[in-house]
Amino acid sequence: MDQNFRSELDRRLDLYEDPAADEGVLPPLPTGDIVVSVVVLAVISAALLGWCFL
Amino acid sequence: MSADFDRSAAEPGFTSDLPLLRRERIWSFWDFSAANIGLAIATWAFLQGGAVAYYVGAKEAVASIVIGYGISIIFVALAPCVPSVRYGVEQFVSLRSSFGTAGSRVIMLVLSALLAAAWAAVLAIMCGYAFANVCNALFGTDLATDGLVVKLLGLAAVVVSWIILTRGPTSIETVNRVVSPGLVVVTLIMLVLVFTQVGWSELMELEPLAADFDKHMAFMIAIELNVAGGLAWWPNVGNLARLTRSSRAAYWPNMLGLFLASVIAAVVGAFSALALGSEDPTQWMIPLGGFVLGGLALLFVGFANITSIVAQGYAALVAVRGGAGTVGRRLPWSVLAALLLVPAVVLVFFPDVTYNNYGRFVSWGAIALAPLCAVQFVDFFILRRQRLDLRAMYDNRPGSPYHFTGGFNLVAFASAAGGALIYALLLNPVDYIPAEPFRWLAASLPAMLVSGVLYWALTRVITIPRGQGGFGRTAAATESEESTTFGA
């Protein structure tokens, strides 16, 4: 790892870990978003299978 | 940031495998949606639709495309995108928590290079077919699909793609700004022409191109083709998602682009294939639109293949350059692009073999991608509950959390291999003949389930007791993150 890259990496990691800095890890994806996608897909899939085969 | 670092960032195709800062997250929800739709509305969606129409009729084509893409895109939008956006890191960096610091590099290098080369070959040949068909219609020539002219046209498509790639992201954006809306127009015109010439009720009655196939098995193959088609986005999409400003902005645009836009284009492709009795998209335009409109559309689709090669190639180059570390960063962008396209140059000289085996090609991708996606999903969402150790992702010293064994998490590789084996047992990737249980299970989904369960179990039995993977640090990382996250 070249020195230039290493020093920039260290600077950024410090910023991510500094509670006072404006940088940081983004909040996680809400579980509700995943549930909504799965439920919507399940409903659409069931409707399409019914349309095809019933 | 140092002056040297600024200069390197200005190079064409430069990508930093550093965690992004807030100002570098340049995409809103709608920016990512636009990029995503541009990627999805590409000529590969027509190929996908044509391949599906080989096995099933119109109703089953719609159902299999929606269900297959829906399942795979949810996984693809979650597993690589959310870790990349949360920590602002490239996909191969986020993959270190599951496959190890060296293992993730090998995976991204091999997969990105192989898939980009294969896609480039298929699309370049499609470009050759398109121009040959226009030439046959215009000049009354009889250019064969495996003739020298088609091979040279394919080669020319690869060379032009390389030239565009060497000019970096600006030229790619310029070309895509014209081609993506153009493909939307072509897709809509095709849809209108299909319904004008065939009609809804007649379309619904049309038999699949392989009419003598066992209908139940054919429907499951169609589902499998679409699951595999969606999984093909896995190597690239995380690197795009990390440019967005929230986890939601990284997730939902995939549903508009990779899912909805792909579904629409693939359904139009399937309808066209059924209406015209050919799975080859370059055979549709002139019969549908007549010589002038159809010929122009076919020429446009021919050129659009080049932009698809460039879009796929650029994403792969970003991954390869990041994955290759210092060597990758030092190698000139044009040389790296040439190296990536060399296999495609060879494949375009075997056009019929390459182009007519689209199903097998997608299947070969899925046999690797389905298990990898499952392992990454279980690692990030179930075992680590969306929390990684950012500093550990950049620490490849022995004993560091994501170093595992010599830089490789053998548990993850064994789990992925188990899933790949299940896939091969259910659907032979060489002759594309399914085993009897495929009728009820398909292949990618059981492969994902086996890989995911194996990874979860082996991690708890082997990895965690050995103190590898930094799983014990999750609680500390959680507390630390809660004090440093910024607003959604």
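Student: Looking at chain B, what percentage of its 488 residues do buried residues make up?

Tutor: Buried residues make up 58% of the 488 residues in chain B. A residue is buried if 20 or more other C-beta atoms, placed from the backbone, lie within 10 Å of its own, exposed if 12 or fewer do, and partly exposed in between. This is a predicted model, in which local features need pLDDT of at least 70 and side-chain atom pairs count only at pLDDT 80 or more, while totals for chains, interfaces and linings use all residues. Residues are numbered from 1 along each chain as its sequence is written, and chains are lettered from A and ligands numbered from 1 in the order in which they are written.

Chain B has 24 helices and zero strands. Helices (H or I, at least four residues) and strands (E, at least two) are DSSP runs numbered from the N terminus. The radius of gyration of chain B, 22 Å, is close to the 23 Å from the globule rule for 488 residues, so the chain is as compact as a globular protein of that length. That radius is taken over C-alpha atoms, and the rule is 2.2 Å times the number of residues to the power 0.38. Along the principal axes, the C-alpha atoms of chain B fill a box of roughly 70 × 55 × 40 Å.

Among contacts in chain B with a separation of 6 or more, 85% join residues 24 or more positions apart. Two residues are in contact if their C-beta atoms, placed from the backbone, lie within 7 Å.

Helix 8 of chain B shows the burial well. Its 39 residues should span 57 Å at 1.5 Å a residue, and its end C-alpha atoms are 57 Å apart, which agrees. The expected span is 1.5 Å times one less than the number of residues. Of these 39 residues, 30 are buried, so helix 8 of chain B is largely enclosed by the rest of the structure. One residue in this helix is Ala118(B), which is buried because 20 other C-beta atoms lie within 10 Å. Ala118(B) and Val362(B) are 244 residues apart in sequence but 9.8 Å apart in space, C-alpha to C-alpha. Just after helix 8, Gly140(B) has a positive phi of about 70 degrees.

The largest nonpolar core has 185 residues, and Ala120(B) and Ala124(B) are among those with the most contacts inside it. Helix 8 of chain B gives the most to this core, with 23 residues. Such a core is a set of buried Ala, Val, Leu, Ile, Met, Phe, Trp, Tyr and Cys residues joined through C-beta atoms within 7 Å. Not counting residues up to four places away in sequence, Ala124(B) touches several others, including Gly154(B), Asn305(B) and Val348(B).

Helix 21 of chain B (residues 410-426) has 17 residues and reaches 24 Å from its first C-alpha to its last, close to the 24 Å expected. Its buried residues include Phe413(B), Gly419(B) and Tyr423(B). The buried residues of helix 21 pack against several helices of chain B, among them helix 8 (101-139) and helix 19 (358-383).

For a contrast, Ile26(B) is in the loop between helix 1 and helix 2 of chain B. Ile26(B) counts as exposed because it has 11 C-beta neighbours inside 10 Å.
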